[in-house]
Number of protein chains: 4
Amino acid sequence: MNSVVESGGLFGVWGHPLANQVTYFGLHALQHRGQTSAGIVTSEANVFKGHLGNGLINYVFDQPETLAKLTGSNAVGQVRSATSDDLADDSNIQPLLFHFNDRSIAIAHTGNFTEGVTLRQKLEEQGAVFSSNSAAEILIHLIRRNKSDNFQEALEDGLKTLKGGYNFVLLTDDALYGAVDRHAFRPLVIGQFENGAYTLASETCALQSIGAKFVQELSAGQYVIINDEGFEIVQYLEDCHVAIEPMEFIYFSRPDSDIAGVNVHKARKDTGRRLAEEHPAPNAEMVIGVPNSSLSAASGYAEGHNLPYEIGLIKHQYTGRTFIEPTQELREAGVRAKLSVVESIIKGKSIVLVDDSIVRGTTIRHLITILREAGAREIHVRIASPAIRFPNYYGINTMHTSELVAANHTIAELQEMFDADSLGFISVDGLLEATNLPYDTENRGLSLDAYTGRYLDDIGGFRAEFDATLTPIQQAILEGTFVDE
Amino acid sequence: MNSVVESGGLFGVWGHPLANQVTYFGLHALQHRGQTSAGIVTSEANVFKGHLGNGLINYVFDQPETLAKLTGSNAVGQVRSATSDDLADDSNIQPLLFHFNDRSIAIAHTGNFTEGVTLRQKLEEQGAVFSSNSAAEILIHLIRRNKSDNFQEALEDGLKTLKGGYNFVLLTDDALYGAVDRHAFRPLVIGQFENGAYTLASETCALQSIGAKFVQELSAGQYVIINDEGFEIVQYLEDCHVAIEPMEFIYFSRPDSDIAGVNVHKARKDTGRRLAEEHPAPNAEMVIGVPNSSLSAASGYAEGHNLPYEIGLIKHQYTGRTFIEPTQELREAGVRAKLSVVESIIKGKSIVLVDDSIVRGTTIRHLITILREAGAREIHVRIASPAIRFPNYYGINTMHTSELVAANHTIAELQEMFDADSLGFISVDGLLEATNLPYDTENRGLSLDAYTGRYLDDIGGFRAEFDATLTPIQQAILEGTFVDE
Amino acid sequence: MNSVVESGGLFGVWGHPLANQVTYFGLHALQHRGQTSAGIVTSEANVFKGHLGNGLINYVFDQPETLAKLTGSNAVGQVRSATSDDLADDSNIQPLLFHFNDRSIAIAHTGNFTEGVTLRQKLEEQGAVFSSNSAAEILIHLIRRNKSDNFQEALEDGLKTLKGGYNFVLLTDDALYGAVDRHAFRPLVIGQFENGAYTLASETCALQSIGAKFVQELSAGQYVIINDEGFEIVQYLEDCHVAIEPMEFIYFSRPDSDIAGVNVHKARKDTGRRLAEEHPAPNAEMVIGVPNSSLSAASGYAEGHNLPYEIGLIKHQYTGRTFIEPTQELREAGVRAKLSVVESIIKGKSIVLVDDSIVRGTTIRHLITILREAGAREIHVRIASPAIRFPNYYGINTMHTSELVAANHTIAELQEMFDADSLGFISVDGLLEATNLPYDTENRGLSLDAYTGRYLDDIGGFRAEFDATLTPIQQAILEGTFVDE
Amino acid sequence: MNSVVESGGLFGVWGHPLANQVTYFGLHALQHRGQTSAGIVTSEANVFKGHLGNGLINYVFDQPETLAKLTGSNAVGQVRSATSDDLADDSNIQPLLFHFNDRSIAIAHTGNFTEGVTLRQKLEEQGAVFSSNSAAEILIHLIRRNKSDNFQEALEDGLKTLKGGYNFVLLTDDALYGAVDRHAFRPLVIGQFENGAYTLASETCALQSIGAKFVQELSAGQYVIINDEGFEIVQYLEDCHVAIEPMEFIYFSRPDSDIAGVNVHKARKDTGRRLAEEHPAPNAEMVIGVPNSSLSAASGYAEGHNLPYEIGLIKHQYTGRTFIEPTQELREAGVRAKLSVVESIIKGKSIVLVDDSIVRGTTIRHLITILREAGAREIHVRIASPAIRFPNYYGINTMHTSELVAANHTIAELQEMFDADSLGFISVDGLLEATNLPYDTENRGLSLDAYTGRYLDDIGGFRAEFDATLTPIQQAILEGTFVDE
């Protein structure tokens with residue numbers, strides 16, 4: 001599944017003599033969360049230095065000098081996936097760095113504000129001048145327009161004004177801040193180095209990569225302030241409850257990360273096992289997964305079903321920044337640079353193909369085509385996520401109902417469209433059990449919006465489009481009359 | 001296992017309107033065979049154009065114009081791994097392109113000539129001027145000094161003069177040639193496009209990537225000439241028999257490639273199953289593989305032993321061309337950019353760690369260290385290759401006995417050095433059976449030199465060093481008195 | 001004289017089908033006005049596209065595609081010399097491009113606001129968020145905070161708030177604007193193409209370079225609005241009179257430019273002739289000029305004095321972007337990459353050395369040293385500018401009294417410091433006559449601040465430093481008691 | 001005059017601790033002799049390191065590390081202008097570096113061998129493999145095929161085999177060599193540093209640039225060997241006499257260089273004075289020169305004629321490596337990036353336009369066009385070189401009679417073709433007197449081939465084309481019946 005773009009990875013560190021290097025390697029470990037641009041701002045007291053650019057972090061910092069120039073013991077950084085809309089606009093590369101007469105602020109964020117457009121328009125009407133399209137800049141304007149002389153108060157007021165799904169890291173001359181939204185849709189974790197310095201990261205895998213120990217994960221409606229005294233967590237919103245974006249488990253996060261204490265690989269594998277129970281494939285001879293995100297689920301399915309787990313699809317290791325795409329002529333000839341079928345494994349076999357999720361359906365359709373071309377006899381598709389039937393407005397770019405194939409088609413229709421011999425999605429309950437988060441709320445700590453359409457939070461400026469594009473399937477789900485799986 | 005450097009991948013095409021693009025994508029699919037430099041030479045009649053550079057193919061061709069300038073319907077290309085010795089010498093990047101008053105020749109090779117140094121010195125004494133350190137240039141000098149007016153005859157004479165393990169692709173104004181050595185140590189395959197054009201590649205995976213069908217694999221002592229008439233295979237050496245480098249199955253090749261009709265993934269998986277029989281691990285709770293080359297063997301072991309196959313080690317997807325390495329200070333803090341342990345999977349567990357092979361032993365030692373740090377209770381190491389006890393002189397850079405840890409230590413010693421709870425290598429017979437090549441010679445089509453020390457071919461100029469560095473273990477093996485496994 | 005940094009060159013075009021290319025070549029012709037960074041923003045209706053970077057314009061646009069992407073028939077561009085302070089801050093590269101919900105604005109400026117710091121601080125206190133250190137952004141904030149719905153009114157109000165020496169080009173969805181300050185310190189000219197399209201440029205040489213005809217020069221306190229209807233000039237300030245920065249004639253401008261109808265080469269040559277009258281050199285055998293800015297004045301001096309004009313100093317043609325500077329060791333050995341003495345011309349001769357001006361005095365001191373080393377017998381220094389004795393606050397970075405050697409030393413002292421055999425500066429009257437501008441005001445259209453200390457305009461926030469650093473020489477000049485030349 | 005391409009600049013140094021830097025700055029000072037590629041090879045004993053590339057020297061060495069890696073106290077380097085033919089062939093960038101089993105050799109050359117093609121063919125027939133199209137490689141093959149064990153003997157034999165106009169620098173493990181041809185067509189000078197180290201350079205200006213003193217210029221048929229003992233000059237050819245390429249004085253060399261003790265600027269100025277005597281322009285009001293190569297001659301003409309010398313044509317300072325050329329559309333609109341007319345100087349005036357030489361005539365024609373467009377009333381063209389009527393086969397690429405406008409037209413015809421009001425070339429005698437070289441041979445130390453067609457040296461392989469393309473004018477000159485000037 002490739003059609004979902006994650007909104008990026010955040011990193012911060014305070015009081016580490018090698019802040020620039022630590023941030024570089026921290027972002028390197030978060031690179032899977034965003035490949036379009038990368039940036040680091042370091043600081044020492046009120047001297048801030050930054051370097052940003054398009055591309056992978058090792059491309060942006062392709063000269064050791066560039067990183068070496070970023071002196072100082074504090075830093076924030078970001079890796080990010082731009083949508084095609086804002087790809088060309090370099091002003092959106094983060095962290096954004098603002099110099100005021102009284103202080104400097106570096107800020108980076110991930111996610112989406114449901115009232116972002118309105119909020120920005122209102123600020124512009126009051127004379128605000130935005131230098132980027134980035135939502136992060138809205139927070140800066142809110143802070144600067146706040147009457148309070150106290151920065152932390154102004155920040156807190158600003159955060160309370162925002163709605164939606166977001167994470168922030170923010171660096172001032174005297175502190176590093178990290179903040180998560182009302183539902184902690186996406187994780188932000190605190191780590192600590194042996195030398196005592198604290199760090200923030202979007203995933204625990206970054207902590208391990210840089211030799212820091214996991215300390216704590218920010219919970220719903222919290223922010224942390226880290227300074228020379230240590231760290232303090234502030235509950236800035238009340239009546240919050242955790243609702244983690246399930247795609248973090250299913251697709252985004254690295255398998256070696258833990259979210260809310262649950263290992264991602266383990267959750268995926270258990271999802272695969274559960275999927276084998278819910279949707280067995282009696283005649284199948286082997287299980288293959290779509291690399292790399294579905295391999296854990298596929299091996300879980302294989303074990304659950306007692307079938308061999310085979311490497312039937314190869315993802316090329318050296319894809320990197322390719323400037324050359326096959327021409328139409330070559331594409332028709334079957335030229336492909338990213339994924340190959342292992343013909344001699346597949347030929348004549350009945351296989352279970354496990355994928356993590358289905359959004360537009362184009363990838364799975366393509367895979368089935370090349371597997372059939374390679375001689376697969378039967379293809380039983382199993383999906384390690386429930387059918388995604390409602391848009392996400394909290395920071396994943398699956399924002400339009402029209403792009404969600406399962407919002408427009410029943411599973412039987414999808415099976416036919418994809419030319420699959422059978423098709424099964426894990427149930428919502430199956431996902432909740434396999435993930436097994438330590439929360440006893442109704443949704444057990446996962447955000448189920450995408451499956452149920454009952455949004456936990458107001459969807460703000462997106463309501464009009466949502467209502468206008470409601471499909472019969474969505475309608476039936478909201479009315480509780482839909483039966484499919 | 002990272003300490004073996006493969007000598008590269010070759011590609012050629014004749015008579016394809018998009019020769020430049022086809023070669024680009026062909027080399028892209030062979031990128032795992034060499035990452036230090038890449039190059040393409042295209043031609044149309046006697047107009048030859050080339051572009052070469054250090055780095056991955058998508059880095060060398062980072063501007064579409066660069067590739068577009070390489071016009072013509074014929075091409076040869078190479079990706080290559082340089083040893084540190086010749087890294088700085090750009091004159092070694094291939095294909096080499098020679099312009100003579102009567103014709104031009106582009107040539108690329110992989111492998112090693114056992115008499116290369118002597119041959120070159122002899123030619124220099126006769127006044128030859130070499131422009132590179134590349135062995136490929138020796139063949140050009142042999143061809144040009146040949147008295148025959150017939151190019152093909154001169155080429156054949158030249159090839160007969162060479163000894164060792166090598167593959168060539170060679171492009172002239174009227175034909176494309178591919179050649180393999182007396183034992184076909186490494187594969188070179190012929191493919192065909194729908195439009196009839198023929199292509200040559202080091203692995204079948206490249207054929208699939210560019211939409212070409214597999215036609216035939218060159219056998220020991222053969223070369224192929226491809227021109228507008230089609231292709232013809234010539235047996236230029238007699239008394240040859242196939243002895244494929246086993247590392248092609250174990251480590252080098254992509255799992256979706258077939259060698260001598262045997263799929264690499266399948267061979268690896270069967271090796272894993274066989275390893276489970278030969279060296280079971282009764283108390284182990286799970287199997288993990290060293291990514292990416294050992295994953296097939298690990299899943300085979302898991303199935304053979306009926307143990308869960310887990311993702312306990314993560315190889316970072318975005319490593320690419322990193323200019324920044326952790327400083328010593330960071331390294332001591334545990335910063336690592338390439339491989340991570342999934343702590344929550346490993347902690348407290350007894351695991352089987354499957355690796356493809358052991359050369360110096362540094363990687364396995366490092367992996368055991370970080371697995372223990374992550375809390376692994378027991379670590380049972382299983383190696384999907386027999387113990388490598390003799391140097392390779394046919395194109396893999398494991399040339400010195402001193403670098404081969406198993407040439408200097410028994411398995412019991414290795415187990416202690418690595419701090420493993422147990423250690424098992426697959427037997428030579430096990431490997432032969434798992435690979436199951438369709439040859440009925442004594443060695444069943446594999447080169448067993450590295451395990452037995454009985455070299456199939458003369459090792460030429462390396463004999464002196466070989467004799468001088470013989471270890472007690474090697475001596476005992478050669479005398480047939482060694483008992484270890 | 002190299003120690004004065006000009007603040008840049010501006011360019012704009014409206015309604016030309018090749019706006020991007022025209023702007024590229026226009027900026028190329030203005031490159032001598034700034035070499036640190038370059039940028040172009042093009043637009044078509046409300047679609048704005050920009051590309052900016054550090055370095056010369058041909059370095060920033062080193063790929064034809066980069067320029068080709070800047071589609072649209074309108075454009076603004078800038079080349080700029082950064083001071084070392086802001087060199088590293090890429091956010092200052094212009095044109096700045098702002099996207100508002102109702103429109104986009106691209107802006108570039110040259111010059112300096114005497115109240116810039118105060119103004120910015122006031123705006124920040126009102127909550128304004130600045131994304132750059134650039135003064136141009138102040139105007140944007142003023143415009144956006146204006147209550148008027150009419151953009152032109154808001155712009156006019158904003159301009160009236162500013163003080164100092166500045167030029168602007170500004171592009172909106174429906175017009176191109178150009179503005180000059182109360183004294184037209186630096187030129188901004190309107191040109192027209194054969195196809196009717198209008199253009200703006202900092203110098204007439206840019207018009208000639210792109211095949212446009214000169215139409216009109218903006219006068220003190222004017223702005224021009226160019227749109228599909230044609231152009232209209234608005235006198236937005238009253239009680240203005242022209243006071244052109246004399247360094248435009250003496251040093252900055254290209255000799256083929258005209259300012260207020262006066263050709264720069266001609267003015268320089270006449271200055272040289274006048275200098276020969278005011279300060280003859282009876283025993284001199286030849287005249288040499290410091291390349292390239294002093295060659296016109298030197299040839300004028302030679303003609304006025306009937307002495308041969310020789311090429312005694314060579315400026316290297318290929319200096320470009322050199323990343324390698326002579327090490328200290330090499331510098332001591334006399335290695336120099338930029339300027340050479342023609343020894344065989346100079347040796348044993350009594351020469352007149354004409355330089356355009358003296359700021360710090362380091363260049364002239366260095367030149368005299370290398371001329372003496374080359375064997376010059378006598379060196380008579382003649383300066384084609386009056387002694388610069390007061391700082392400039394209107395856009396040239398000679399802002400500190402301490403940096404002006406003539407503010408701290410009499411001419412006799414300077415002659416000794418420089419080791420010159422004689423030293424003469426042109427008089428202020430001499431400069432006025434040689435320039436011969438068509439204005440009958442007291443200062444005849446030139447700004448004489450740098451010589452007299454009587455600033456035409458308020459120097460705003462710089463007053464305190466000015467008063468605090470007053471030297472005895474400055475004091476005497478202001479009191480009318482100084483006699484030197 | 002831009003249509004003559006010089007064949008490059010050479011540099012060498014032996015025994016200097018900063019050999020890499022000294023060579024960099026030496027080549028920088030020789031950059032005017034070639035802008036297409038640059039390269040440096042350094043050595044210490046038998047360790048040789050090189051870096052080469054396309055573009056200016058500061059572009060090829062755009063990273064200080066690149067230069068820093070070239071360790072060692074000896075070096076050779078080259079800057080070179082490629083003809084369009086070999087532009088794309090990177091194998092021709094020099095110095096060429098050859099590694100043999102017994103030694104390494106780095107070599108760079110300028111010039112042309114009149115028997116080069118034949119010589120190469122002969123060597124290829126003997127089995128020689130050339131890696132470049134460079135003539136320098138021929139010498140290497142000659143050396144390596146020599147029977148002598150003594151390198152210096154082999155080199156001397158090789159040099160004796162060559163014919164034509166050439167200079168060499170050559171670096172081995174124990175010496176630096178420099179060689180010039182039988183007529184010393186182009187200079188090669190020896191310099192010495194204060195630390196005693198010796199250096200070689202194509203022009204004296206490079207010595208001055210790096211702080212070295214001029215020691216001696218190699219004379220016709222000499223080579224120099226420099227090693228730890230000092231230097232020794234060997235006369236390897238007999239019956240030589242000096243015949244310097246006159247374009248070295250007229251166009252190629254930097255004005256601050258001396259050739260055979262004569263300063264280039266002085267020679268040019270005297271040529272201008274003499275031109276004023278031979279071809280006065282009674283009604284002219286001013287003299288302008290074509291920048292930069294004709295400025296000295298123009299100021300000489302102005303003085304000789306007692307006319308003002310004006311800057312009527314501006315050559316843009318920042319031309320550099322421009323990737324963007326005006327489109328046809330823009331060119332027609334008069335867009336030009338390299339040379340501008342100073343309209344206000346020229347308008348309505350009768351001018352003398354001094355250019356250094358005429359080859360194809362395209363430049364002068366273009367200049368007259370733009371001067372007339374700018375309003376010049378009369379244009380009297382004066383050329384500081386005799387009419388070039390015969391091709392040059394010794395290293396300047398004016399090799400074809402068809403390209404020489406004066407080989408095909410009388411002066412009266414040229415005047416009309418160029419639309420000049422009058423046209424005068426300096427006479428050959430005038431040039432000899434103005435240059436005033438210290439030789440008492442018939443041609444006074446200049447090569448007059450281009451004017452007389454009587455080649456000093458055999459023109460070898462070019463004879464056939466020469467004879468075949470003889471024009472009536474050439475014929476008449478050779479027969480002594482031509483009267484024109």
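## Exercises on a predicted model

The contact between chain A and chain B draws on 58 residues from chain B and 58 residues from chain A. Keep in mind as you work that the model is predicted.

**Exercise 1.** Describe the side of chain B that touches chain A by element and by class.

*Solution.* Start with the elements: those giving two or more residues to this side are helix 1 (19–29), helix 3 (64–68), helix 7 (204–209), helix 9 (264–278), helix 10 (295–305), helix 11 (328–332) and helix 12 (343–346) of chain B. Then sort by class, which gives 26 nonpolar, 21 polar and 11 charged residues.

**Exercise 2.** Work out how chain B and chain A are related.

*Solution.* Superpose chain B on chain A: this takes a rotation of 180 degrees with 0.0 Å of shift along its axis, at an RMSD of 0.1 Å. The two copies are therefore related as by a two-fold rotation axis. Next, compare the surfaces: 100% of the contact residues of chain B recur in chain A, so the same surface serves both copies.

**Exercise 3.** Locate the residues under the UniProt annotation "binding site" and decide whether A:Asp355 and A:Asp356 are buried or exposed.

*Solution.* The unreviewed UniProt entry places this annotation on A:Ser293, A:Asp355 and A:Asp356. These residues spread over 64 residues of sequence, yet they cluster in space, with a largest C-alpha distance of 8.0 Å. A:Asp355 sits in strand 19 (residues 350–355) of chain A, while A:Asp356 lies in the loop between strand 19 and helix 13 (362–373). Now apply the cut-off: a residue is buried if 20 or more other C-beta atoms lie within 10 Å of its own. A:Asp355 has 21, so A:Asp355 is buried; A:Asp356 has 25, so A:Asp356 is buried.

Key. Residues are numbered from 1 along each chain as its sequence is written. Chains are lettered from A and ligands numbered from 1 in the order in which they are written. This is a predicted model: local features need pLDDT of at least 70, side-chain atom pairs count only at pLDDT 80 or more; totals for chains, interfaces and linings use all residues. Two residues are in contact if their C-beta atoms, placed from the backbone, lie within 7 Å. Helices (H or I, at least four residues) and strands (E, at least two) are DSSP runs, numbered from the N terminus. Ala, Val, Leu, Ile, Met, Phe, Trp, Tyr, Cys and Pro count as nonpolar, Asp, Glu, Lys and Arg as charged, and the others, Gly among them, as polar. Copies are superposed by least squares on the C-alpha atoms of residues with pLDDT of at least 70 in both. UniProt positions are given in the numbering used here, feature names are shortened, and annotations may be inferred rather than shown by experiment. A residue is buried if 20 or more other C-beta atoms lie within 10 Å of its own, exposed if 12 or fewer, and partly exposed in between; C-beta atoms are placed from the backbone.
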